[in-house]
Amino acid sequence: SIGNLLLATDEGKKELYSYKADGYIFFFGYSRCNTTCPMGLQAFYQLYENPKLPKGIIPIFVSIDPGRDTWENLHRLKQNYGERILFILPETKEELRNLTKEFEVQFSLSNPMNPDYQISHTGNLYFVDSSFKLSRIFTPNERDTEKITSEIANYYLGEKHENKKEL
C-alpha cells in the first residue's frame, strides 16, 4: 500500500506510484527542527551527490508539522539541501497519520500548547524499492552516507543477480 500513498506536493496531490522510480528514500521531519532534521537533510544531500547511488532514486521529505510548516519554509529547505528532494506537506492530520502509520514513524510534540513547541522524532531514513516494499530503515546511528549508498547499490546489484538466476 506504500505505492498508493497520496502525497501532497507543491504541484498538487499525486500517488507515490505515479513517480516511477528505481526507489525512494523517505525522511520525516519539519522545517523548524534544529537538531535531527538538518543532519537528515545533509545526509540526503550527500547521498544524491554520490555518483554511486542509483540515479533513479527519489528523496522524499515528509513534514510531520503541517500546522506550522509552509511551502515557503519547505522551498527554503530545498534551496539549502538540494533541488532533487521531493517535499511533502500533508494537508490534514489524517493524511499525516496515513503516511506515518505506513512507516511506523514515531513522533510526539513536546509542550503542544506552546506555539514554539518542538517535535521529538526518530530521524530514520526509510528505503523503499521500486516495487514499493519498505526494504531498509537506516537509523541516525547508521548515517554514514557511503555505507548507505553501497548498501542501496548492492541491493540493486543483488536484485539483478537474482533475476538472472530465475532465467
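At 42% relative accessibility, R76 counts as partly exposed in this predicted model, and its side chain meets that of E72 in a salt bridge, 3.9 Å from N to O. Both residues belong to helix α2 and sit 4 residues apart, about one turn of the helix. E72 has 57% relative accessibility and counts as exposed.

An α-helix has 3.6 residues a turn, so residues three or four places apart point the same way. After the helix comes G82, with a positive phi near 125°.

F27 lies in strand β3 (residues 23-29) and F61 in strand β4 (residues 57-63), so the pair ties together parts that are 34 residues apart in sequence. F27 is buried at a relative accessible area of 0%, and F61 is likewise buried, with a value of 0%. F28 also takes part in a tilted pair, with F103, at 5.4 Å centre to centre and 55° between the planes. This pair links distant parts of the chain, 75 residues apart, with F28 in strand β3 and F103 in helix α3 (residues 93-103). F28 is buried at 3% relative accessibility, and F103 is buried at 2%. Ring pairs also join F27, F44, Y48, F61 and F87 into a cluster. A charged side chain meets a ring as well: R68 lies over the face of Y117, at 3.6 Å from the ring centre.

Strand β3 leads on to strand β8, as the two pair in the antiparallel sense over 5 bridges, with F26 opposite Y126 in β8. Strand β8 (residues 125-129) is mostly covered, 5 of its 5 residues being buried. In a regular strand the side chains alternate between the two faces of the sheet. In β8 both faces are covered, with L125, F127 and D129 buried on one side and Y126 and V128 buried on the other. Strand β9 (residues 134-138) runs antiparallel to β8 and is joined to it by 4 bridges, with L125 standing opposite F138. The hairpin of β8 and β9 has 4 residues between the strands, and F132 takes a positive phi near 65° there.

Turning to charges, the whole structure holds 7 salt bridges. One of them joins the side chains of E95 and K13 at 2.7 Å, N to O. This pair too links distant parts of the chain, with E95 in helix α3 and K13 in strand β2 (residues 12-15), 82 residues apart. E95 counts as buried at 10% relative accessibility, whereas K13 is partly exposed at 40%. Salt bridges link K13, E91 and E95 into a network. A further salt bridge is formed by E151 and R136, with the closest N and O atoms 2.5 Å apart. E151 lies in helix α4 (residues 145-166) and R136 in strand β9, so this pair ties together parts that are 15 residues apart in sequence. E151 is partly exposed at 34% relative accessibility, and R136 is partly exposed at 24%.

Terms used:
Residues numbered from 1 in each chain as written. Predicted model: local features only at pLDDT ≥ 70, side-chain atom pairs only at ≥ 80, totals over all residues. Heavy atoms only, no water. Buried < 20%, exposed > 50% of the residue type's maximum accessible area, 1.4 Å probe, protein only. Phe/Tyr/Trp six-rings, centres within 6.5 Å; stacked < 30°, edge-to-face > 60°. Lys NZ or Arg CZ within 6 Å of the ring centre and 35° of its normal. Pairing = 2+ DSSP bridges. Salt bridge = Lys/Arg side-chain N within 4 Å of Asp/Glu carboxyl O.
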